[in-house]
Amino acid sequence: MKQESKTDAKRQRRNVLLAVSAIILIVVGLAYWAFSSAMKAETIVRYAGMQSVITAQLTRTIKGMEMSATNVFNEVEKHMDSPESVIAALESESNLNSDVRGYFAAFEPGFFPSKGTWFEPYIHHTDSTKFEMSQVGSARHDYTKSTWYVRAKDLKMSFWSEPYYYYDGTNISGHYCTFVTPLFDEQGKLTCVCGADITFDWVAKVLAKIDDYCRHAPLVNTYRLMRNFDFYSVVLDKDGTCLAHPQDKKIIIEDKQLLSSLEQRENGVAEMTIDNVESVVYYGPIEGIDWTLAVVIPKSDLQKPFVYMAWGLSLLGLLGIVAVWLTTKHIKDEK
């Protein structure tokens with residue numbers, strides 16, 4: 001009889017332990033589900049919002065460059081009475097924005113008979129503070145056949161050129177994008193095509209500064225949630241080409257769905273491996289130019305809150321089960 005009582009007590013302790021353990025596991029599971037759901041929403045809002053902020057700041061910088069370039073072009077339009085006055089107009093306004101690599105005015109063939117067929121004065125940086133003038137139009141560089149010139153003539157409005165590489169063996173060789181504006185006379189005939197050049201090295205430096213600002217902004221850092229914020233930004237062309245990026249951080253886009261999204265200028269998020277690092281990419285179009293701004297975050301950094309919470313809840317659940325087990329051990333056998 002006494003042996004049966006002991007057996008019943010053990011069964012009772014086991015049943016209590018199993019029941020309470022099951023409840024603990026269910027509670028822990030529900031707690032993690034609720035936390036992960038909230039954290040997924042927080043992650044999307046945080047990084048999609050950060051992508052929007054970085055895009056907006058880069059857009060403002062580009063718009064500022066467009067405004068200063070337009071002021072330069074307006075001066076050129078007012079001083080077309082001689083080649084010398086055109087050059088003087090370019091030089092007088094060239095310091096409006098030191099971020100611009102150079103300004104040019106490419107005239108219609110023979111516009112100034114004294115200059116022959118091609119006349120394209122180019123005022124460009126030699127260092128961070130000085131400009132110099134070059135005459136870059138020639139039979140070797142027939143700008144009238146360039147895509148940007150032909151498009152300006154047809155489009156009759158300002159636009160950003162396609163990215164291109166210019167090489168002439170001098171210090172102005174490099175990867176460029178140009179803000180192009182055609183100018184017309186009173187009869188509506190094209191007189192010249194003006195342009196302001198930026199380099200993608202400059203864009204990369206601007207992005208690095210914006211990234212650092214966002215990474216250390218008080219609103220971003222209020223709740224780090226164990227993350228290091230090891231993100232960085234890149235600029236992608238509509239065909240997926242990585243135009244501007246931190247050093248050694250160039251990304252290659254091969255996913256067809258992502259390439260389609262870039263071409264259609266959509267917002268989105270994608271997972272991909274970059275330099276053997278599993279990463280999450282939040283992307284969206286830049287207003288007024290056929291580029292996309294993408295924020296790249298290592299997946300391991302994104303998942304830190306989930307990993308730490310999973311370990312924390314698992315430990316809490318284990319401690320709860322151990323506590324129940326210790327408690328049930330003190331249930332005395334019936335006599």
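Let's start inside this predicted model, at Thr292, which touches Val234, Val235, Leu236, Leu262, Tyr283, Gly284, Pro285 and Ile286, leaving aside residues up to four places away in sequence. Thr292 is part of strand β12, which covers residues 291-298. Is this residue buried or exposed? With a relative accessible area of 2%, Thr292 is buried, because the cut-off for that label is under 20%.

Five strands make up an open sheet, in the order β9-β8-β12-β11-β10, and the pairing is antiparallel. Which strands stand at the edges? They are β9 (242-244) and β10 (268-274); each has a single partner strand, so one side of each is left without a neighbour in the sheet. From one strand to the next, the twist averages 40°.

If you follow β12 to strand β11 (residues 277-285), you will find 7 bridges joining the two, which run antiparallel. One place to look is Val280, whose bridge partner in β12 is Ile297.

Now let's move to another strand, β6 (residues 174-184), where Phe184 lies. Phe184 counts as partly exposed because its relative accessibility is 24%, and that label covers values between 20% and 50%. Beyond residues up to four places away in sequence, Phe184 touches Glu77, Lys156, Lys189, Leu190 and Thr191. Glu77 is 107 residues from Phe184 along the chain, yet their C-alpha atoms are separated by 8.5 Å.

Next comes helix α8 (residues 304-329). Its 26 residues reach 38 Å from the first C-alpha to the last, close to the 38 Å expected at 1.5 Å a residue. The buried residues in α8 are Pro305, Phe306, Leu313, Gly317, Gly320, Val324 and Thr328.

Finally, step back to the whole chain. Its secondary structure comes to 8 helices and 12 strands, and 44% of its 335 residues count as buried. Among contacts with a separation of 6 or more, 55% involve residues 24 or more positions apart. The accessible surface of the chain is about 18700 Å², and 57% of that belongs to carbon and sulfur atoms.

Technical notes. Residues numbered from 1 in each chain as written. Predicted model: local features only at pLDDT ≥ 70, side-chain atom pairs only at ≥ 80, totals over all residues. Heavy atoms only, no water. Helix = DSSP H or I, 4+ residues; strand = E, 2+ residues; numbered from the N terminus. Expected span 1.5 Å × (residues − 1). Buried < 20%, exposed > 50% of the residue type's maximum accessible area, 1.4 Å probe, protein only. Contact = heavy atoms within 4.5 Å. Areas by Shrake-Rupley, 256 points an atom, 1.4 Å probe, with all protein chains shown as cover. Pairing = 2+ DSSP bridges. Axes fitted to C-alpha atoms, helices over the stretch in contact; angles between N-to-C directions.
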